[in-house]
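Subject: Structure handover

Hello,

Please find the structure below. My notes on it follow.

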Amino acid sequence: MFRVERMETSFTVFNLPKVELHIHLDACIRPETILHFAKKKNLHSPWFQNRETLLNHVICTKQGSLTEFLSKFDIYMPAVVGDRDAVRRIAYEFVETKAKEGVVYVEVRYNPHLFANCKVDPIQFGQKAGDLTPEEVVELVNQGLKEGERDFKIKARSILCCLRHMPEWSPEIVELCKKYHNDTVVAIDLSGDEGLKSEYFPGHLQAYEEAVRSGIHRTVHAGEAGPASVVKEAVELLKAERIGHGYHTVEDPALYKRLLQMDMHFEMCPWSSYVTGACDSDFSKHPLIQFKKDGANCSLSNDGPLPMNSSLETDYNIAKTYMAFNEEDFMRMNINAARSCFLPEEEKKQLLGLLYNAYGMIDL
């Protein structure tokens, strides 16, 4: 069985500046931070005894399903929900981690309602009502990201997630995107179970239509656990500018060809695709290989380091070891990410210039 431990090495596969576009804030919380706030809340669950016990409960140790992966959040999120200090600290520490990984620009996504315990119905993770609203969560994350930018000298922006099973939250999500547009919020996302019934969809569609009218950038989780038809829906109905994962797009050759011609960007997360059961366990058969062969506009990201016991280096190792990625391929992935990021055009040009200079090239 393939195990993540085999991928961690003592050297860096790609020791040049990186850009990361697909990673979830609530999947990036440090174990020490969870234990600190569990103690502050006086939580006595057995998995909060120490770091080892916590990790034994929250890490996905074998290939499973997206549902199983998402169940891990129920274990540790109660420690941080509704705590202002926790939300700001999580965002700040996230930037520090990315800086250590050599990332110079990152877009981190999250649903603010999952951290809130006020003006949110229903409150998640069995929490009691408090006074932290979804809007204040956004403000706290913004504060943590900005402080991290200042201290660690990288650029961090955020994407607010709608959840497929909670369409009633989506109108507020798009309004928060509008209010905090480029401070630090740059886009809206839709994540969750792609197989949900169609009655959940209208609320999300209305939010995305408002995002289009308001000039809010759009990405959608699609074709991860779901079929290519979900990708088609994301592009045609939600007007997605990027696709989160999108592995199963290749199962519809006509759609795949059209998206290649459109230069659609695919946010690829190889290790995540294994843990969630989205792709074959044999990485030598991974759809990313086909995307690379066809010159698709795609990039590498980590998705969720805590439950997956991984880092961005894990995904780079997989691409190198099983997919024959070389340094030029990694450069191309990062330039793809930079030119498809949701920064304003002038900042995007500066980011591309930074990469071209670091890579010793004028263009790819």
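I243 is buried, at a relative accessible area of 0% (buried means under 20%, exposed over 50% and partly exposed in between, with a 1.4 Å probe and protein chains only). This is a predicted model, in which local features need pLDDT of at least 70 and side-chain atom pairs count only at pLDDT 80 or more, while totals for chains, interfaces and linings use all residues. Residues are numbered from 1 along each chain as its sequence is written, and side-chain values use heavy atoms, with hydrogens and water left out.

I243 sits in strand β6 (residues 242–245); helices (H or I, at least four residues) and strands (E, at least two) are DSSP runs numbered from the N terminus. Beyond its neighbours within four places in sequence, I243 contacts T219, V220, A222, V231, A234, V235, M264, H265, F266 and E267, where contact means heavy atoms within 4.5 Å. For E267, 24 residues away along the chain, the C-alpha separation from I243 is 6.2 Å.

The largest nonpolar core has 121 residues, and I243 is among those touching the most other members, along with Y76, M77, V80, F94 and I188. Such a core is a set of buried Ala, Val, Leu, Ile, Met, Phe, Trp, Tyr and Cys residues joined through side-chain atoms within 4.5 Å. Y76, with neighbours within four places in sequence left aside, contacts D26, A27, I29, I34, F48, L54, V58, L306 and P307.

I34 is also one of the buried residues of helix α1 (residues 31–40), with P31, T33, L35, F37 and A38. Their cover includes α2 (51–58), α4 (73–76), α5 (84–100) and α13 (305–308). Just after α1, N42 has a positive phi of about 60°.

- Helices α9 (residues 228–236) and α10 (residues 253–262) pack at about 40°, with axes 11 Å apart (axes are lines fitted to C-alpha atoms, for helices over the stretch in contact, and angles run from 0 to 180 degrees between N-to-C directions). That makes α9 oblique to α10; angles under 35 degrees count as roughly parallel, over 145 as roughly antiparallel, 65 to 115 as roughly perpendicular and the rest as oblique. A228, V231, K232, V235 and E236 of α9 meet L255, R258, L259 and M262 of α10.
- Helices α7 (residues 170–179) and α8 (residues 201–214) pack at about 15°, with axes 8 Å apart. They are therefore roughly parallel to each other. S170, V174, E175 and K178 of α7 meet G203, H204, A207, E210, A211 and S214 of α8.

Regards
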